[in-house]
Amino acid sequence: MSTAVNVKSAKRRSHMQLPLLPLRGVVVFPSMVVPLDVGRDKSVNALEEAMVKDKMIVLAAQYQAGIDNPLTGDIYPYGTMAEVKQLLKLPDGTLRVLVEGLCRVEIIKYIQTEPYYRVLAGKIEEMREKSPDDEALMRTALFHFEEYVKKGKNIPLEVLSSVRNIKEPGRLADIIAAHLNLKIEDKQKILEAISPGARLEKLCAIIIRELEVLEVERKIQLRVRKQMEKSQKEYYLREQIKAIQKELGDQDDRLAEIDEYQRKIKEQNLPEEVKEKALREVKRLEKMPPMAAEAVVVRNYLDWLLALPWDCHTEDHLDLDAAQKILDEDHYGLEKVKERILEYLAVCRLTKSLKGPIICLIGPPGVGKTSLARSVARALNRKFVRFSLGGVRDEAEIRGHRRTYIGAMPGKIIQIMRQAGSRNPVVLLDEIDKMSVDFRGDPSSALLEVLDPEQNCNFGDHYLEVTFDLSHVLFITTANTAHNIPPPLMDRMEVLHLSGYTEEEKVEIAKRHLLPKQIKEHGLKAGDFILSNGLLQEIIRSYTREAGVRNLERELAAIARKVARRLVSGEKPPVRITRQNLHKYLGVPRYRHGTVEEKDRVGVATGLAWTEAGGDLLHIEVSVVKGKGELILTGKLGEVMQESAQAAVTYLRSRPLGIAEDFHKKNDLHIHVPEGAIPKDGPSAGITMAVAVVSALTNIPVRSDVAMTGEITLRGRVLPIGGLKEKILAAHRAGIKKVILPKENTRDMEDIPANIARKILFVPVETMDEVLREALVRPVTVAQSGGLAHGQN
């Protein structure tokens, strides 16, 4: 840190031995009178030694002010020789002294360190000559110092007046440096600058730097002052407005609205992200004119944001017995679905928390899919919300529109969450297989996030712009068929298939649920009319054709209306309804439901078909006529069914079944499936068509009490099919005694009700030979001649 002495501007005299007083946080310049408080033992001893002798002492600053007992290496090598003018002892033992700086000194060496520091100091005296450079530097330093005094406002103007009268450049630099608020390091650099010119140069650089700092501070203070003045002014004016409105008995609706929004945000336990977003929107609203169009958009957005159940949920009822009772009260049968709901409750009870499952109920119309979801909500003590996806073709219906659009709203998912008022409702997404796609997007793709348990905890709606947690929602979707649901969406759901009801189940449902409901809705009493089980069964067979019970309920409602009219007309209850007068209430029977052929016939085989309304019988007729070997297919058959007929005929041509080898050249085969207005398709009628063709070509009748289902290959293998339960139920309704089915379908027999399985003989088959053996009244024999035995069909 030391600076070499310029011999032209300063000279060093003889050395002097003087006591040393280390200073903390202060530098004393020559020609300055400074008061000091002294308390350290070594410093007190040094002052006492100086007072005893000539009152001379060396003042040198410490490198670090925090050191209480500095060593020789902790003290700057340059200091000031000063004279002690006054010394006063204070009651606490410290000394207050007044010292006057005389000249610069260099500490040559330390002579002693105890009980005080005593040093050998070299006195440095400046030359009095002043060069033109020094004059220019003096003027520059004075100019900058005057500017510093004006901007800093911490130095009295009297100091400026006294500084102007100083003619020596070195003394001018010392006086100015002493009055500047500088760091110890900067003041020490000026003290160690022996040459007045170098001292003034360093001083000017330091003052210019300080002026820049002062300018920045001034700008900051001005900006802060303006902000504070504006805030204070706004606060003052608002308080005045409030006071005036209070006196007038009026209140600013806009301010009240802002306060109301802020109160709601504070009271609700919103997630941090949502809270920050809401507060930002409130600040925007506060700055907008009340009638601005954007203000309406912000208000709607805040209303939606604060109306959602961010932290509101219902307590689940985890009592399995109570849940079982509720499910049994509301629905008859449907054991698989009930079992799955009870399993969910059991896991919730053990883990105390579980993400809501995504259940998809697939079944024909009217089997109770929608009402079952409502019962699940009642069993769980949860809110229930239904949303129909039928006909939805816009992706924005699910995710909402962005707020940039006029009339933008959140999507249906967020709307139903607001409607539910709970974060864990049961949400029914009805008719998920009825969605469509157009140029506005694919709603099924938007549902991928909603129905994914790993993603729906952060569901993003375009309108909200913040994520919403759907992981606690129990989603139940319904569909009539699975093939219309996109595979990625199907993969995210747990599929439960609901098959059609048996006649016995429909009778029980009518007695337990449908009939009491219609009696109540039509203002009747339980004893006003009576329907026996046999009569209910007759209504089911002759007036309905469905897998569910929706049409059955309509027929019961028709009976209730006519009974109500009779009672109002004066007839006394109970009204007698029998098979003989049933047509007076419901009209003539509309369906000849799945009847069996009265006798065994040639070229007519009974197949089993699956429809969306359940199962049904399929009578396949074959006629052989003279022709050119054409295969004629009628009955509005689909492409797959036509290919099954071709495969059956090709198989028969490849097998020696007593049929002439050239029958396909001289005869046409006409295969017809009645009820030609109804489209039919699928491979399961393959063996049925093969049996009918063999019967027509061999003139061997087919058993009328046998029904069959299965796909045929060119080699005569019988492949498995679907919808077995519905097909068996149709066979049972029709009075079929024997059903031929693929052997691989025996694993599906568990779904067949036990009371029905006992009444039907099931024959599992693997090849077409087994089918012919069971279906024809007598075995097929190889023809003895080349002709074709053809009989009357």
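## Basis of the description

The model is predicted, and local features need pLDDT of at least 70, side-chain atom pairs count only at pLDDT 80 or more, and totals for chains, interfaces and linings use all residues. Residues are numbered from 1 along each chain as its sequence is written, and side-chain values use heavy atoms, with hydrogens and water left out.

## Salt bridges

The structure holds 34 salt bridges, a salt bridge being a side-chain nitrogen of Lys or Arg within 4 Å of a carboxyl oxygen of Asp or Glu. Among them is the pair E260 and R263, whose closest N and O atoms are 2.4 Å apart. Both residues belong to helix α7 (residues 253-267), where a spacing of 3 residues separates them by about one helical turn; helices (H or I, at least four residues) and strands (E, at least two) are DSSP runs, numbered from the N terminus. An α-helix has 3.6 residues a turn, so residues three or four places apart point the same way. E260 is partly exposed at 31% relative accessibility, and R263 is likewise partly exposed, with a relative accessible area of 36%. In this scheme buried means under 20% relative accessible area, exposed over 50%, and partly exposed in between (1.4 Å probe, protein chains only).

A further salt bridge joins the side chains of E538 and R579, at 3.0 Å from N to O. E538 lies in helix α18 (residues 533-543) and R579 in the loop between β15 (575-576) and α20 (582-586), so this pair ties together parts that are 41 residues apart in sequence. E538 counts as partly exposed at 23% relative accessibility, and R579 counts as partly exposed at 48%. Elsewhere, K277, E281, R284, E294, R403 and E465 are linked in a network of salt bridges.

## The surroundings of K738

K738 is found in strand β23, and its side chain meets that of E774 in a salt bridge of 3.1 Å, N to O. The pair links distant parts of the chain, since E774 sits in helix α26 (residues 768-775) and K738 in strand β23 (residues 738-742), 36 residues apart.

Not counting residues up to four places away in sequence, K738 touches D705, V706, A707, I760, L761, V763 and E774, where contact means heavy atoms within 4.5 Å.

## Packing of α10 and α12

Helix α10 (residues 320-330) and helix α12 (residues 369-380) pack at an angle of about 155°, with their axes 9 Å apart; axes are lines fitted to C-alpha atoms, for helices over the stretch in contact, and angles run from 0 to 180 degrees between N-to-C directions. That angle makes α10 roughly antiparallel to α12, a term for angles over 145 degrees.

The contact is made by A323, I326, L327, E329 and D330 of α10 together with S375, V376, R378 and A379 of α12. These contact residues divide into 5 nonpolar, 1 polar and 3 charged, with Ala, Val, Leu, Ile, Met, Phe, Trp, Tyr, Cys and Pro counted as nonpolar, Asp, Glu, Lys and Arg as charged, and the others, Gly among them, as polar.

## An enclosed helix

In helix α4 (residues 169-179), 8 of the 11 residues are buried, so the helix is largely enclosed by the rest of the structure. The buried residues of α4 are P169, G170, L172, A173, D174, I175, I176 and A177.

Definitions and conventions. Parallel < 35°, antiparallel > 145°, perpendicular 65-115°, else oblique.
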